[in-house]
Amino acid sequence: MSMFWDQVRTLRWDDHRYYHQCRINQTLHLISAISFLVGYALLFVDPAAAAWVGWCVGMVTRQSGHIFFEPRGYDHLNQATDAHKEAIKAGYNMRRKAVLIGVWLTVPVLLALSPSLFGLIEPAVGRAGYLHDVGLAWLMLGASGLALRGLQLAVLRSPSWGLAWVTKVLTDPLHNVDIYWRSPLALLRGQRYDPLERGH
């Protein structure tokens, strides 16, 4: 069990040091984390609404931080090229994220063109029904993306690494709040990049 949590900690540290150096990105991850926690609570009340919060607030803020603010050149701090980091990333690297985001944006269009999703579901009635179906489809997309990458890592590395990554992703909101709640204050003090203490 200790080895499993060591794997989770390793994944968290690699994610932090390689992909969360910018305080703006960290602040956006804090906002994202809080929205995901709201989404987790909504899962018990309105799963479709939970998906809307998770994708439209949580994912948009999170991925905006990576796309617009995180440095993509040579990483002098970790002595690694961007290509190297992208190749070894356990989870969704930028290419995989682009595919996932493309599918996410396609879902509302598909449901608008075919409310029954080509006969797979009961067609929605009215705008509220359409928005509800989009939310449920996004929820399934998120769960599928998590499960498929977890299974892929289980095959490529080991079952424990696959499970460790899924655990890391599901607990990221709590972990991000814990480590990034000071980031907005650091940003206001003019600290654009985290000094990143070595080790984990």
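1. Contacts of Gln-191. Leaving aside residues up to four places away in sequence, Gln-191 touches Arg-23 and Ala-186. The model discussed here is a predicted one. With Arg-23, the contact includes a polar one between the two side chains, at 2.6 Å.

2. Setting of Gln-191. This residue is placed in the segment that follows helix α8, which spans 183-188. Is Gln-191 buried, partly exposed or exposed? Its relative accessibility is 27%, so Gln-191 counts as partly exposed; the class runs from the 20% limit for buried residues to the 50% limit for exposed ones. Along the sequence, Gln-191 is 129 residues from Arg-62, and the C-alpha atoms of these two residues are 20 Å apart in space.

3. Gln-7. When residues up to four places away in sequence are not counted, Gln-7 touches Ser-160, Trp-161 and Ala-164.

4. Salt bridges in general. How many salt bridges does a search of the whole structure find? The search finds eight. The student may wish to follow one group in particular: Asp-15, Lys-89, Lys-168 and Asp-172 are linked in a network of salt bridges.

5. Asp-15 with Lys-89. These two residues form a salt bridge in which the closest N and O atoms are 3.0 Å apart.

6. Asp-15 with Lys-168. Asp-15 forms a salt bridge with Lys-168 as well, and here the closest N and O atoms are 2.9 Å apart. This pair, too, links distant parts of the chain: Lys-168 is in helix α7 (residues 159-180) and Asp-15 is in helix α1, 153 residues apart. Lys-168 has a relative accessible area of 7%, which means that this lysine is buried.

7. Lys-168 with Asp-172. Lys-168 also forms a salt bridge with Asp-172, with 3.0 Å between the closest N and O atoms. Where do the two partners lie? Both are in helix α7, four residues apart, which is about one turn of the helix. Asp-172 is buried, as is Lys-168.

8. Packing of α3 and α5. Two packed helices are described by the angle between their axes and by the distance between the axes. For helix α3 (residues 47-69) and helix α5 (residues 94-113), the angle is about 150 degrees and the axes are 12 Å apart. The crossing of α3 and α5 is left-handed.

9. Residues between α3 and α5. Which residues of the two helices meet? On the side of α3 they are Trp-55, Cys-56, Met-59, Val-60, Gln-63, His-66 and Ile-67; on the side of α5 they are Met-94, Lys-97, Leu-100, Ile-101 and Trp-104. Sorted by class, this contact of α3 with α5 has nine nonpolar, two polar and one charged residues.

How values were computed. Residues numbered from 1 in each chain as written. Predicted model: local features only at pLDDT ≥ 70, side-chain atom pairs only at ≥ 80, totals over all residues. Heavy atoms only, no water. Axes fitted to C-alpha atoms, helices over the stretch in contact; angles between N-to-C directions. Left-handed = near helix turned anticlockwise from the far one by under 90°. Contact = heavy atoms within 4.5 Å. Nonpolar A, V, L, I, M, F, W, Y, C, P; charged D, E, K, R; others polar. Buried < 20%, exposed > 50% of the residue type's maximum accessible area, 1.4 Å probe, protein only. Polar contact = N/O pair within 3.5 Å; in protein donor to acceptor, adjacent residues only side chain to side chain. Salt bridge = Lys/Arg side-chain N within 4 Å of Asp/Glu carboxyl O.
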